Amino acid sequence: MYVILVYDIGEKRVGKMLKLSRQYLNWIQNSVFEGEITEVKLKELKQRAKNMMEPEEDSLIIFKSRDVKWLEKETVGKEKNELDTFL
């Protein structure tokens, strides 16, 4: 499946969340990641993220699609990950 992951994490934990998210997905912008991932790997990522989050302060949002072909991506300005210029 294809996912877009967005997080809003406290300053003390943001570095750890960045490092964790990069292990599973492609970094495209501050606190935004995208990529193909299996159900098992997504479940693992969510559990590891929950373990480092403060539920009253932090949030993690995951948009899911069966296939990237169902999404249209438009970038205005410079894209962080130059390897992923378009889908």
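Reply: Of the 87 residues in the chain, 31% are buried (buried is under 20% relative accessible area, exposed over 50%, and partly exposed in between, with a 1.4 Å probe and protein chains only). The model is predicted, so local features need pLDDT of at least 70 and side-chain atom pairs count only at pLDDT 80 or more, while totals for chains, interfaces and linings use all residues. Residues are numbered from 1 along each chain as its sequence is written, and side-chain values use heavy atoms, with hydrogens and water left out.

The background comes next. Read from the N terminus, their order is β-α-β-β-α-β. The radius of gyration of the chain is 13 Å, close to the 12 Å from the globule rule for 87 residues, so the chain is as compact as a globular protein of that length (the radius is taken over C-alpha atoms, and the rule is 2.2 Å times the number of residues to the power 0.38). The C-alpha trace spans about 35 × 30 × 20 Å along its principal axes.

Now the charged pairs. Searching the whole structure gives 3 salt bridges (a side-chain nitrogen of Lys or Arg within 4 Å of a carboxyl oxygen of Asp or Glu). Arg13, Glu57 and Asp58 are linked by such bridges into a network.

Take Glu57 first. Glu57 bridges to Arg13, and the closest N and O atoms are 3.2 Å apart. Glu57 is in the loop between helix 2 and strand 4, while Arg13 is in helix 1 (residues 11–22), so this pair ties together parts that are 44 residues apart in sequence. The two partners fall into separate classes of cover: Glu57 is exposed, at 58% relative accessibility, and Arg13 is buried, at 14%.

Asp58 also forms a salt bridge with Arg13, with 2.8 Å between the closest N and O atoms. This pair again links distant parts of the chain, 45 residues apart, with Asp58 in the loop between helix 2 and strand 4 and Arg13 in helix 1. Asp58 has a relative accessible area of 8% and is therefore buried.

The remaining pair is within one element. The side chains of Glu44 and Lys41 meet in a salt bridge of 3.9 Å, N to O. Both residues are in helix 2, and they are 3 residues apart, about one turn of the helix. Glu44 is partly exposed, at 33% relative accessible area, and Lys41 is partly exposed as well, at 39% relative accessibility.

With a relative accessible area of 31%, Lys46 is partly exposed. Lys46 and Ser21 are 25 residues apart in sequence, and their C-alpha atoms are 9.7 Å apart in space.

Phe63 lies in strand 4 (residues 59–65) and is partly exposed, at 49% relative accessibility. The C-alpha atoms of Phe63 and Arg48 are separated by 18 Å, and the two residues are 15 apart along the chain. Tyr2, in strand 1 (residues 2–8), is buried, with a relative accessible area of 4%. Tyr2 and Leu71 are 69 residues apart along the chain, yet 9.4 Å separates their C-alpha atoms.

Definitions and conventions:
Helices (H or I, at least four residues) and strands (E, at least two) are DSSP runs, numbered from the N terminus.
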